[in-house]
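Dear colleague,

Please find below the structure I am handing over to you. My notes on what was found in it follow directly after.

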Amino acid sequence: MSKPDVLAVARIHPFYQKALERLYEVHDRTHELDPTAFLALAPRIRGVAATGESVVSRGLLAQLPNAQVVSVFGVGYDGVDVTAALEYGIPVTHTPGVLTDDVADLALALVLAVGRRLVEADPFVRAGQWPAGPIALGRKVSGARLGIVGLGRIGKAIAHRAQAFGMAIGYTARTEKADSAYRFFPTARDLAAESDFLVVTTPGGAGTRHLINAEVLAALGPKGYLINVARGSVVDEHALIEALKSGIIAGAGLDVFAHEPHVPQDLCEMPQVVLTPHMASATTQTRQAMADLAFANMRAALEGQPLRTPVPEWQQVLKA
Ligand code: NAP
Ligand code: 8YV
């Protein structure tokens, strides 16, 4: 018997790919790489494998009458047209929780890297500049004010780590958290005005587009640092570059960008900025856990079993 067909809409991680290939015929980006072949293939597609950065449009979903799931390898699914998926009765799943620790770890690493000038310090030593030093002073992290934009799974894990550094923690979110002892601010601007480090951990998509804009950056101020481990779309990248160039903020630590994998040259040339290639969940252990969960969701959907981790919008459908 032939294996059920699955479409990978992006280059998916080898751990996820290998797991899928055990049970399914995986078609790698056929919709983009060979549109003619895709016309014949599309009605056979039973599942869609995606990443957190993938675009799964209404147009694509409309071509997949027999798709039973979009299984995202990642917690963020802002590129998936969930409204269309719901209309077509195609559940969307993601991988919440298993990557939370890694993303929080990287957020703290970026706080420390920009505050303590780690990325400047390494070439300073290697290039023999130490004898003519000293290197410029850093910004003390312990005891500083940390503002978290989005107190969800990742935001809370960042706060937990920051407590060990004795940081004063504030946050903003869509709603105040009754069970949180951290100080709530109704807007990102208000939070920025009271933060030394502003860490962004919201989902991407229309609801958060340019939530961090020129006004928020001005409120963060010339001694403030922006850290983004959420999505590039949440920050107005042009406003950020201007703010960094003109000293409106002190520096930034960025794991995500507006047009990945392309990073503006301006950012690459700034010593007060630390850049990482969307790698917050990129450890062997976490990528394996993400692959296991994304695969489990795919398999459950194709075997008619309950989904492990459907996105909240689909959970609402199940409840109704
Ligand atoms: P989560 O538990 O759903 O938390 C999201 C938080 O964002 C919630 O507290 C939510 O507020 C808040 N939020 C949503 N819209 C907002 C808005 N307009 N203004 C202010 N706050 C808003 O999600 P998570 O598991 O922590 O993941 C968060 C995001 O991190 C993902 O969606 C993804 O984009 C990103 N991420 C990036 C990487 C990476 O590699 N860099 C890895 C994993 C995840 P309420 O609680 O009030 O609803
Ligand atoms: C991954 C992510 O880098 O979970 C997310 O939302 O952005 C990251 O964990 C991504 O999904 C893998 O491509």
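Pro-134 sits in the loop that runs between α7 (118-126) and β6 (145-149); helices (H or I, at least four residues) and strands (E, at least two) are DSSP runs, numbered from the N terminus. The peptide bond between Gly-133 and Pro-134 is cis, with omega about 5°. A cis peptide bond also joins Glu-260 and Pro-261, where omega is about 5°. Pro-261 belongs to the loop between β11 (251-254) and α12 (265-268).

Please note that this is a predicted model, in which local features need pLDDT of at least 70 and side-chain atom pairs count only at pLDDT 80 or more, while totals for chains, interfaces and linings use all residues. Residues are numbered from 1 along each chain as its sequence is written, chains are lettered from A and ligands numbered from 1 in the order in which they are written, and side-chain values use heavy atoms, with hydrogens and water left out.

One further backbone feature deserves mention. His-210 has phi near 55°, a positive value in a residue other than glycine. This residue, His-210, is found in the loop between β9 (197-200) and α10 (214-220).

Several polar contacts (pairs of N or O atoms within 3.5 Å) can be listed for ligand 1:

- A polar side-chain atom of Asp-255 is 2.9 Å from a nitrogen atom of ligand 1.
- An oxygen atom of ligand 1 lies 3.1 Å from a backbone N or O atom of Leu-151.
- A nitrogen atom of ligand 1 lies 3.4 Å from a backbone N or O atom of Gly-207.

Taken alone, ligand 1 exposes 940 Å², of which the protein buries 86%; accessible areas come from the Shrake-Rupley method with a 1.4 Å probe.

Ligand 2 has 13 residues around it, and the closest are Glu-53, Phe-73, Val-75, Arg-231 and His-278. Its shell divides into four nonpolar, six polar and three charged residues. The side chain of Glu-53 places an N or O atom 2.7 Å from an oxygen atom of ligand 2, and a polar side-chain atom of Arg-231 also lies 2.7 Å from an oxygen atom of ligand 2. From the backbone, an N or O atom of Gly-76 is 2.8 Å from an oxygen atom of ligand 2. Taken alone, ligand 2 exposes 330 Å², and the protein buries 89% of that.

Finally, how do the helices pack? Helix α6 (residues 100-115) packs against helix α8 (residues 153-164) at an angle of about 55°, with their axes 8 Å apart; axes are lines fitted to C-alpha atoms, for helices over the stretch in contact, and angles run from 0 to 180 degrees between N-to-C directions. α6 is therefore oblique to α8, given that angles under 35 degrees count as roughly parallel, over 145 as roughly antiparallel, 65 to 115 as roughly perpendicular and the rest as oblique. Helix α1 (residues 14-23) and helix α13 (residues 284-302) pack at about 30°, their axes 8 Å apart, which means that α1 is roughly parallel to α13.

With kind regards

Technical notes:
A residue is near a molecule or strand if one of its heavy atoms lies within 4 Å of it. A polar contact is a pair of N or O atoms within 3.5 Å; within protein, one must be able to donate a hydrogen and the other to accept it, and residues adjacent in sequence count only if both atoms are side-chain atoms. Ala, Val, Leu, Ile, Met, Phe, Trp, Tyr, Cys and Pro count as nonpolar, Asp, Glu, Lys and Arg as charged, and the others, Gly among them, as polar.
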